[in-house]
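Please examine the sequence and the structure shown here before reading the briefing.

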Amino acid sequence: VMLGKRGPRAQRSTPQAKTRLIVLGSLSITFGAIAMLTSTREGQIALVGCLLFAAISFAVAWKGQHRSLPGQLWGVLGLSSPAVPVLLVGGVPLLSVLQIWVIYLLGFLATTLAVRGVIASQKQKPRQLHWLVLLSITSVVGGLIAAGETWPMAALPMVLMSWVLMASPPPAKQLKQVGWSLVSVTMITALLTCVVHW
């Protein structure tokens, strides 16, 4: 918003962006440093990974590419990565940590592509890539489940909602409701993640 990369509406609705950046940035640096100093070795490595994801995400936003497909997919990686150090420091075994991260990567990749597909539909643009990636994600989840793995089932609510959005794109004025629907299926995924791992 501060760099003017989010458009005039965001500029008008968020005049305090600079103050927020200073406050939240300071808090992030302070608590990040405390976490780094007090964390386990695995947690420290994961925190460095998160920092790299964040740095690249800021560089992508700085160049104004945060709304591009690669920029948004990188954002999925970056926004889901903080779960890794939190779970590791919380004593969750590494295999479970990686499975949980993959659940959210697959779920967020599917929903991101579906939302982009809805927007493409409104603009009468082709959606073949959206369908192809969604089919690939669904195949990965289905293949893992068919192989006897139960943990990928937690990603199903997000993947299924993505299919619904792609098959029946809502009008642009309903995008806010779509957002809340995605929040709901993400919460269901969180509950299922707890069930399949504990």
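The points below are grouped by topic. The model is predicted. Helix α6 covers residues 94-122 and helix α7 covers residues 128-146.

**The pairing of α6 and α7**

- The axes of α6 and α7 come within 9 Å and cross at roughly 155 degrees.
- An angle over 145 degrees counts as roughly antiparallel, and α6 and α7 are therefore roughly antiparallel to each other.
- The crossing in which α6 passes α7 is left-handed.
- On the α6 side, the residues that meet α7 are L106, L109, A110, L113, R116, G117 and A120.
- Their partners in α7 are H130, V133, L134, I137, V140 and V141.
- Sorted by class, this contact of α6 with α7 consists of ten nonpolar, two polar and one charged residues.

**Helix α8**

- Helix α8 holds twelve residues, 156-167, which at 1.5 Å a residue should span 16 Å.
- The C-alpha atoms at the ends of α8 are 16 Å apart, in agreement with that expectation.
- The residues P157, M158, V159, M161, S162, L165 and M166 of α8 are buried.
- The cover over these buried residues of α8 includes α6, α7 and α9 (175-197).

**Residue G25**

- G25 belongs to helix α2, which comprises residues 17-38.
- The relative accessible area of G25 is 24%; because buried means under 20% and exposed means over 50%, G25 is classed as partly exposed.
- G25 and V140 are 115 residues apart along the chain, and 37 Å separates their C-alpha atoms.

Terms used:
Residues numbered from 1 in each chain as written. Predicted model: local features only at pLDDT ≥ 70, side-chain atom pairs only at ≥ 80, totals over all residues. Heavy atoms only, no water. Axes fitted to C-alpha atoms, helices over the stretch in contact; angles between N-to-C directions. Helix = DSSP H or I, 4+ residues; strand = E, 2+ residues; numbered from the N terminus. Parallel < 35°, antiparallel > 145°, perpendicular 65-115°, else oblique. Left-handed = near helix turned anticlockwise from the far one by under 90°. Contact = heavy atoms within 4.5 Å. Nonpolar A, V, L, I, M, F, W, Y, C, P; charged D, E, K, R; others polar. Expected span 1.5 Å × (residues − 1). Buried < 20%, exposed > 50% of the residue type's maximum accessible area, 1.4 Å probe, protein only.
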